[in-house]
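User: I'm new to this one. Can you walk me through it?
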Amino acid sequence: KDPRPMKTVFSPLHSRRHVRTELDGGLLIEPHEKPSRAETILARVKDQALGEILEPEEFGLAPIQRVHTPDYVAFLETCWQDWLAAGKPGEAIPAVWAGRGMRHRIPKDIDGRLGYYSFAAETSISEGTWEAARASANVALTAQKLVADGERAAFALCRPPGHHAHADLFGGYCFFNNAAIVAQAFRDQGYGKVAILDVDFHHGNGTQAIFYDRADVLTISLHGDPDLVFPHFLGFEDELGEGTGEGYNLNIVYPPGTPYSTWSQGLETACERIEVFKPDALVVALGVDTFEHDPISFFKLASEDYLSLGQRLAQLGLPTVFTMEGGYDVDAIGVNAVNVMQGFEGKS
Ligand SMILES: NCCCCCC(=O)NO
Ligand SMILES: [Mg+2]
Ligand SMILES: [Zn+2]
């Protein structure tokens with residue numbers, strides 16, 4: 001049991017992601033996934049003296065490409081300049097996809113490549129998105145290194161988030177799947193089994209897909225019913241994994257209005273599954289859009305429930321990396337995210 005306070009990893013480069021648009025309800029709105037989210041959490045970490053705050057080390061592309069395909073990474077690196085070179089007036093937004101009966105091949109044109117490499121249209125790209133996404137992955141990998149070097153737990157204050165990103169798809173405000181990159185880094189460093197627990201309101205579709213046929217990484221997500229909310233096309237309870245991975249994916253789905261008293265039953269099921277799996281490390285994809293006042297979600301967790309969540313996770317007794325995912329009530333995001341860490345550290 002490590003008595004030392006939990007370290008937080010944060011990069012000011014998150015602010016290089018500052019898109020002006022998000023397609024929502026037929027309008028281009030101010031994006032929910034905005035810089036003040038990370039700044040508010042950072043301020044709360046400092047206000048609560050949670051622990052030391054570190055800037056990330058540079059890990060390069062190799063650990064990213066252990067999860068994401070080289071062509072996808074290359075696409076993200078040049079997307080904005082390709083879009084500008086094509087003379088487009090606005091931010092880069094995908095608008096065309098291969099529907100049923102069409103071909104999944106990689107077009108030359110930037111509009112075609114935006115569609116090929118995404119699954120949703122709300123996630124605009126502009127200048128600095130690449131740099132911010134790379135920094136977010138470095139934040140996650142620095143937290144993983146802290147834990148691998150002996151810390152009991154570390155908080156990767158990631159922005160942009162990652163759990164919706166597939167091996168070669170962006171969407172849901174995500175580009176690099178930070179939680180998956182951390183899990184794969186643990187595996188590459190000899191941790192035989194890793195569990196990823198996604199407590200974000202939304203299904204971690206990217207994380208599920210990346211490890212779906214593998215038994216060495218257990219993926220679990222609690223989330224709003226995909227029949228009703230994003231990501232709509234994955235995250236149902238009958239998705240159990242495939243091939244070698246069958247039995248190593250668990251989705252726990254809840255309806256609108258779900259309070260912590262109900263949600264925590266799913267958390268208990270998840271924790272019991274993790275205990276049976278006996279992993280060598282735990283990655284928690286931490287979204288706090290489960291909050292009762294979150295503008296885009298429909299669960300009813302209260303701020304104090306995040307203390308309980310942290311306490312429960314600590315009881316697993318595993319080396320733990322938290323990767324920041326969603327949460328859009330910016331006034332409350334700092335208290336809610338840091339409550340998880342303080343609960344983990346024993347605060348009730
Ligand atoms: N209308 C798009 C909603 C994207 C989901 C964002 C999120 O918080 N995922 O965890
Ligand atoms: Mg989730
Ligand atoms: Zn979310």
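User: Is Ser221 buried or exposed?
Analyst: Ser221 is buried, at a relative accessible area of 3% (buried means under 20%, exposed over 50%, partly exposed in between, with a 1.4 Å probe and protein chains only). This is a predicted model, where local features need pLDDT of at least 70, side-chain atom pairs count only at pLDDT 80 or more, and totals for chains, interfaces and linings use all residues. Residues are numbered from 1 along each chain as its sequence is written, ligands are numbered from 1 in the order in which they are written, and side-chain values use heavy atoms, without hydrogens and water.
User: And what coordinates the magnesium ion?
Analyst: Asp198 (OD), Asp200 (O), His202 (O), Ser221 (OG) and Leu222 (O) coordinate the magnesium ion (ligand 2), at 2.3 to 2.6 Å. Donors are N, O and S atoms within 2.8 Å of the metal (3.2 Å for Na, K and Ca); water is not among the atoms, so sites may look incomplete.
User: Which parts does the pair Asp198 and Ser221 tie together?
Analyst: Asp198 lies in strand E6 (residues 194-198) and Ser221 in strand E7 (residues 217-224), so the pair links parts 23 residues apart in sequence. Strands are DSSP runs of at least two residues, numbered from the N terminus.
User: New topic: which polar side-chain atoms lie by an oxygen atom of ligand 1?
Analyst: Among them is one of Tyr328, at 2.5 Å. Asp200 has one at 2.8 Å, and His202 has one at 3.1 Å.
User: How much of ligand 1 does the protein cover?
Analyst: The protein covers 88% of the 320 Å² of accessible area that ligand 1 has on its own (Shrake-Rupley method, 1.4 Å probe).

Key
Helix = DSSP H or I, 4+ residues; strand = E, 2+ residues; numbered from the N terminus. Polar contact = N/O pair within 3.5 Å; in protein donor to acceptor, adjacent residues only side chain to side chain.
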